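Welcome! Take a moment to turn the structure around and look at its surface, its charged side chains and its confidence scores. The notes below take these topics one by one.

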Amino acid sequence: MNLPTPRKLYRGLRKMLRFLARPARRGGRRGGRVIQTYRGYGSRRSVFLIGRVFRQPGIGLNLKEGPLDDIVNIVRRTVRWGVRDARLTVTVGAASVDVITDRDGYFHVTLDVDEDWPDRAFWQQARLRLHPGRREGEREPVEASADLYIPPRDLDHAVISDIDDTVIYTGVASKLTMMYQLFVLKARHRTAFPGVSAFYRALFHGDTGERRRPMLYVSRGPWSIYDVLEEFFHLNRIPHGPILFLREWGVTLQRPLPIRAKDHKAMLIRRMLALYDGLPFILIGDSGQRDPEVYAELVEQYPGRVRAIYIRHVHRGSDRDQSIQALAERVAAQGCDMILAKDSLEMAQHAFRHGYIARDGLEEVRADCSRRS
């Protein structure tokens, strides 16, 4: 690996500092409660959104923008904590609902809507209002907004993909490692599997090139890497969509031990299946964890809803091959193909044969895999 020059290293580290400081800086210099929102999704009948309320310290110094100001804001971000039992009003169009944060400051919103949005107005906004708290000086509400992806009416499929060992190598799924590669080395092709970006763009655009399918991503990682993954998706030209994590984990004063993630992935996917009721889905995962088993159970629980399952081959040993083959035979009885694929091209070839992507998309995947072979 070629090491960066001192000038390149400095520029990359400055970008990292600004990036890490951004969330705390968005909350203002005075400190207090702030709303962190994550990209949501929905239909013309219902929307879903996740967010978190933090309390962070203020800045008592009048610092100019620069490395020292970035470091101060990074410290503020590091020591902020979730606010439990905070009350928010979430409004989308003419509909609104009140929600209360949980013990870690998270809130989940499912809101029924009845909006006549233009068919190609894909991104809508939710408005959030955090009501005054009990502390002295918290008399003013805090406001924020969140983006919601609303697909077109003539939708044919939705796509749900795992992230870890499916889109990116698990070895780079830590915030610092990925940020170093993104901002200093710019080694994007070493963090994403070959052909992933092209394949996901092909799925997004569909067989006509104009579909704009919902692309929904789930991960076993913590919410703290959300912004890094968002930047990673942007730099790799992977279609934007909501990124949903299964748990908040890590050593914190509020939560010293990880929350168990058992069944959370299936729960999230069930929520998406319910929101896009009647719409067929394509599921993508890897063979290293329980994605094949989880997806097979969902196929049997929701007959006819899952058309294809793509499993990236990342395991070792023939026993796992045999168990996945047995699962593939099970789901075939429900009219679903489970493909254990060695690479993105194998997934794309199946998707093209079954009319899920266009030929141009297939050729783009082929070209990307060929360049990086």
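**A patch, some pairs and a confidence check**

Ile71, Val75 and Val79 make a nonpolar surface patch of about 240 Å². Keep in mind as you read that this is a predicted model. Its charged side chains form 19 salt bridges by the rule used here.

**The nonpolar patch**

- Side chains of opposite charge can pair when their charged atoms come close.
- Asp98 and Arg87 meet through their side chains in a salt bridge, with 3.1 Å from N to O.
- This pair links distant parts of the chain: Asp98 belongs to strand β6 (residues 95-100) and Arg87 to strand β5 (residues 87-92), and the two are 11 residues apart.

- Asp368 pairs with Arg371 in a salt bridge, and their closest N and O atoms are 3.1 Å apart.
- Where do Asp368 and Arg371 lie? Both are in helix α10 (residues 359-371), 3 residues apart, which is about one turn of the helix.
- Asp368 has 9% relative accessibility, and because buried means under 20%, Asp368 counts as buried.
- Arg371 has a relative accessible area of 61%, and because exposed means over 50%, Arg371 counts as exposed.

**A network of charges**

- Elsewhere, salt bridges with shared partners join Asp156, Asp207, Arg211 and Arg213 into one network.
- Asp207 is partly exposed, with a relative accessible area of 33%.

**How confident is the prediction?**

- The average pLDDT of the protein is 85, and 88% of the residues score at least 70.
- Which elements have the lowest and the highest mean pLDDT? Helix α3 (residues 175-185) has the lowest, at 67, while helix α9 (residues 344-353) has the highest, at 98.
- Across residues 249-260 the pLDDT is below 50, and this stretch has 18 contacts in the model beyond near neighbours in sequence.

How values were computed:
Residues are numbered from 1 along each chain as its sequence is written. This is a predicted model: local features need pLDDT of at least 70, side-chain atom pairs count only at pLDDT 80 or more; totals for chains, interfaces and linings use all residues. Side-chain values use heavy atoms; hydrogens and water are left out. A salt bridge is a side-chain nitrogen of Lys or Arg within 4 Å of a carboxyl oxygen of Asp or Glu. Helices (H or I, at least four residues) and strands (E, at least two) are DSSP runs, numbered from the N terminus. Buried means under 20% relative accessible area, exposed over 50%, partly exposed in between (1.4 Å probe, protein chains only). pLDDT is the predictor's confidence in each residue, from 0 to 100. Contact means heavy atoms within 4.5 Å. Patches are made of residues with over 30% relative accessible area and no salt bridge: like charges are joined within 9 Å, nonpolar side chains (Val, Leu, Ile, Met, Phe, Trp, Tyr) within 5 Å. Accessible areas come from the Shrake-Rupley method with a 1.4 Å probe; for residues, only the protein chains shown count as cover.
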